[in-house]
Amino acid sequence: MTENILEARDVRKSFGGVKALKGVSMSIRKGEIHCLAGENGCGKSTLIKIVSGFYEPDAGEITINGTTYDRITTAQAIREGVQVIYQDLSVFPNLTVMENLAINHQLMAGGTLVNWSGIRRTAEAAAALTGLSVDMTELVENLSLADKQLIAISRALLSNAKLIIMDEPTTALAKKEVSRLFGIIKRLQAAGISILFVSHKLDEVFEISERFTIFRSGENVVTGDTGGLDDRKFAYYMTGREFAEERFAAGAVPGEPVLETRALTLENGFYDVSLTLRKGEILGITGLLGSGRSELAKALVGYVPADSGQILLNGLPVRIASVVDAVRHGVACVPEDRLTEGLFLIQSILDNIAVSRWDALSNRFGVIRRREVEREAAAWIRSLSVATRDPLLPVQTLSGGNQQKVVLARWLANDLKALILNGPTVGVDIGAKYDIHRIIRGLAGRGLAVLVISDDLPEVMSLCNRVLVMRSGRLAGELAVKDSTTEELAELSMRE
Amino acid sequence: MPETLSEPVRRPGFFGRDKNFTRLLAIFVLVFIGCAILKPDLFLKASNFQSMAKQFPEFGLLSIGVALTMLTGGIDLSVVNIGNLAAVLAARVMISFAPKGSSPEQTLTVVVAAMVLALFVGALCGAVNGLLVSKIGIPAILATLGTQQLFMGLAIVVTSGRPISGLPMIYARYGNRNIFGAVPVVLAVFAVSALIVGVLLSRTRFGAKLYMLGSNATAARFAGINVDRLYVLAYMLSGLLAAVAGLIMMARSNSAKADYGISYTMQSILIAVLGGVSPNGGRGNVQGVVAAVLILQLLSSVLNMFENISNFYRDILWGIVMIGVLIINYLINVRDLRRQSQ
């Protein structure tokens with residue numbers, strides 16, 4: 001008989017009028033790797049925050065290690081051994097590795113003076129738990145994301161964690177880093193620690209977990225053994241819809257070149273990049289984090305202009321020194337991080353779409369023709385099926401997928417020649433990803449030249465006609481999608 | 001344009017849209033009633049309203065200027081000093097080119113030219129602030145702290161530290177006049193300025209982009225907004241309003257001085273925040289600031305009517321109002337976010 005480390009029974013939570021959790025129940029066994037999946041906004045994060053004491057539930061109860069709580073405080077949760085690794089990792093970037101690792105421990109121990117040798121011992125012990133091998137005196141802000149994550153995990157272990165909850169830990173990791181993380185998770189399991197792994201990536205759920213629970217709109221849909229799960233079922237449980245995986249077919253005959261680069265170079269970014277993007281094609285660029293793919297995207301739209309080389313539009317050299325220049329030439333970009341680079345979070349959905357249209361839709365005194373703007377934005381909200389009850393609500397009320405549609409919609413009304421999409425579906429659930437891919441294919445079908453930059457290899461394979469691989473700042477190869485496999489692409493991008 | 005027809009956006013009513021303004025109006029009415037009850041004989045007199053209407057336009061204009069820069073996520077600590085520099089230069093010109101005994105035509109020409117010069121100086125000073133913030137990337141609070149000293153220093157040099165008086169009579173005479181015997185000229189100037197800025201913010205692409213810039217400058221750049229130009233324009237407008245305020249102060253005191261109304265700097269920030277302008281940028285509007293100006297004027301006037309309350313308590317009161325407003329705004333934001341998100 002297996003014991004449960006955590007049981008949640010009929011947990012309910014509303015925010016204002018929105019029911020985030022409509023009575024969910026789930027249990028995690030001791031020493032189990034349990035995966036919690038669901039689309040954005042399904043209530044996963046709410047449940048995590050209730051279990052860790054951050055939110056107070058409206059109803060229901062939580063049992064941890066046999067103790068039942070109506071409501072649990074953060075201090076109680078920590079005492080029971082519940083540790084959450086949030087997506088933002090909650091590390092202190094301005095402190096050293098050593099201080100980050102040992103800080104909680106030291107604080108708990110009390111005392112007025114800092115015991116530096118004690119800190120170093122604690123920190124080294126913590127690092128040993130996860131195999132973290134970095135300089136203890138390095139500032140955390142200089143570390144890679146993967147190492148920061150290890151610091152957060154090591155710190156959790158120091159606090160005697162019995163249940164570690166990881167909130168979408170792989171979103172920003174390269175393949176190699178993901179497999180390192182999985183290795184660590186397996187080791188933790190061997191040490192008797194239970195893991196709740198929150199993710200909406202099917203391959204990860206398969207690889208790492210034994211059992212899974214899926215939420216949809218605040219209710220649990222299914223709990224079961226991972227063994228009985230497949231692609232189709234997974235997508236269906238998450239979304240309640242059926243999807244067919246498809247490959248790009250339309251527009252397979254690309255037109256004349258639209259955007260070309262000749263020996264484009266940015267010091268410490270990318271070197272000697274020459275590429276051709278044609279009318280009606282979807283060209284993919286992939287590569288690991290730090291391969292220069294994002295820098296290239298920023299240079300093409302003038303956000304950080306290249307140092308040397310040429311950009312040609314419709315065969316003519318153009319100077320793109322700022323995003324304003326790029327947009328004037330009909331080149332626009334959907335940036336990588338929609339929260340910090342794409343959206344105006346506190347402003348309305350309507351304004352977030354209309355921002356690129358105000359110049360075109362205003363009279364010569366600069367007065368905006370508001371009705372026209374509103375009608376246009378409302379039409380895009382409809383045609384991209386952005387799920388909102390009111391376009392005047394702040395865009396931060398939308399789920400990730402809908403937010404991404406808003407950033408896309410911003411450019412669709414403009415007469416563009418080329419659109420550059422950097423990570424078009426990062427952190428977006430399956431349903432919205434499917435919608436966004438459909439929209440992108442539609443754009444190419446209507447003759448737009450689309451450049452998709454992504455490290456999601458299955459996405460690149462299903463969406464693009466052609467894929468360029470970047471490695472250490474240089475173009476390392478090209479694949480035609482119709483006669484290659486995802487494995488070939490992975491091999492090409494990860495080769496040393 | 002997609003083919004699908006869709007319903008027009010349903011805008012909520014005026015009061016439904018701007019809860020902050022509704023709240024401020026309610027506070028205004030309450031304060032007004034409170035004043036009327038506390039000091040019915042002194043407060044409810046036409047002369048009291050006349051005198052209030054002559055007092056608030058100068059710091060009201062400064063507040064609107066500060067609010068504009070706060071909308072971009074910055075701040076302008078140099079407004080008072082811009083106003084003084086503009087006034088001091090205008091006064092210099094008036095005295096030098098229209099000394100006592102000049103013909104009325106010449107005096108009028110010089111006065112108008114001096115006012116235009118003042119406005120130009122205000123816009124120029126604002127442009128300096130804007131360039132420091134946008135092109136050089138100095139945080140607004142530091143950039144304008146630096147130019148605050150610079151502009152004051154220039155004004156001190158121009159005046160040798162003394163007030164400039166003996167301005168042409170016609171300047172103060174027209175400046176302190178009432179239109180139709182009831183509406184002070186300075187009130188009209190304030191109303192027109194507030195209206196213009198209000199329309200700019202709520203109806204034009206300049207205003208719309210300003211809000212976007214204030215809520216996320218990086219996203220604004222990616223959205224193809226000319227961010228640097230927008231910063232410069234916002235600070236120029238702030239400088240321009242400061243120059244108008246400087247001209248008003250000059251008319252009221254019939255003199256110009258390098259360090260006139262220094263306490264207005266903090267007061268105008270207080271008013272902007274009270275008026276609902278977010279110190280983080282991207283939120284706020286002119287009607288809110290105007291309501292806050294009026295509320296503060298009422299409080300200030302009624303405070304003066306109590307002879308046994310020393311003026312020394314004024315700063316304590318302003319401090320409490322400021323902190324109180326910030327706390328209330330914080331609580332309201334938290335509540336709204338909870339309501340909107342799940």
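**Close-up views of a predicted two-chain model**

View 1. Ser160(B) is exposed, with 8 other C-beta atoms within 10 Å. Ser160(B) lies in the loop between helix 7 (140-159) and helix 8 (169-175) of chain B. Its phi is near 50 degrees, a positive value in a residue other than glycine. This is a predicted model, in which local features need pLDDT of at least 70 and side-chain atom pairs count only at pLDDT 80 or more, while totals for chains, interfaces and linings use all residues. Residues are numbered from 1 along each chain as its sequence is written, and chains are lettered from A and ligands numbered from 1 in the order in which they are written.

**View 2. The loop at Asn314(A).** Asn314(A) is located in the loop between strand 14 and strand 15 of chain A; helices (H or I, at least four residues) and strands (E, at least two) are DSSP runs, numbered from the N terminus. Asn314(A) is partly exposed, with 15 other C-beta atoms within 10 Å. Phi of Asn314(A) is near 50 degrees, which is positive although the residue is not glycine.

**View 3. An open sheet in chain A.** Four strands of chain A form an open sheet in the order 12-11-14-15, with antiparallel pairing; two strands pair if DSSP finds at least two bridges between them. Strand 12 (270-278) and strand 15 (316-318) of chain A stand at the edges with a single partner strand each, so one side of each has no neighbour in the sheet. Strand 11 (residues 257-266) and strand 14 (residues 308-313) of chain A pair in the antiparallel sense over five bridges. Glu260(A) stands opposite Leu312(A) of strand 14.

**View 4. The largest nonpolar core.** A nonpolar core is a set of buried Ala, Val, Leu, Ile, Met, Phe, Trp, Tyr and Cys residues joined through C-beta atoms within 7 Å. The largest has 184 residues, and Val450(A) and Ala90(B) have the most contacts inside it. Helix 12 (residues 227-253) of chain B gives the largest share of this core, 20 residues.

**View 5. The contact between the chains.** In total, 46 residues of chain A are in contact with 31 residues of chain B, contact meaning that C-beta atoms, placed from the backbone, lie within 7 Å. Helix 13 of chain A supplies the largest share of the side of chain A that touches chain B, eight residues.

Technical notes:
A residue is buried if 20 or more other C-beta atoms lie within 10 Å of its own, exposed if 12 or fewer, and partly exposed in between; C-beta atoms are placed from the backbone. Two residues are in contact if their C-beta atoms, placed from the backbone, lie within 7 Å.
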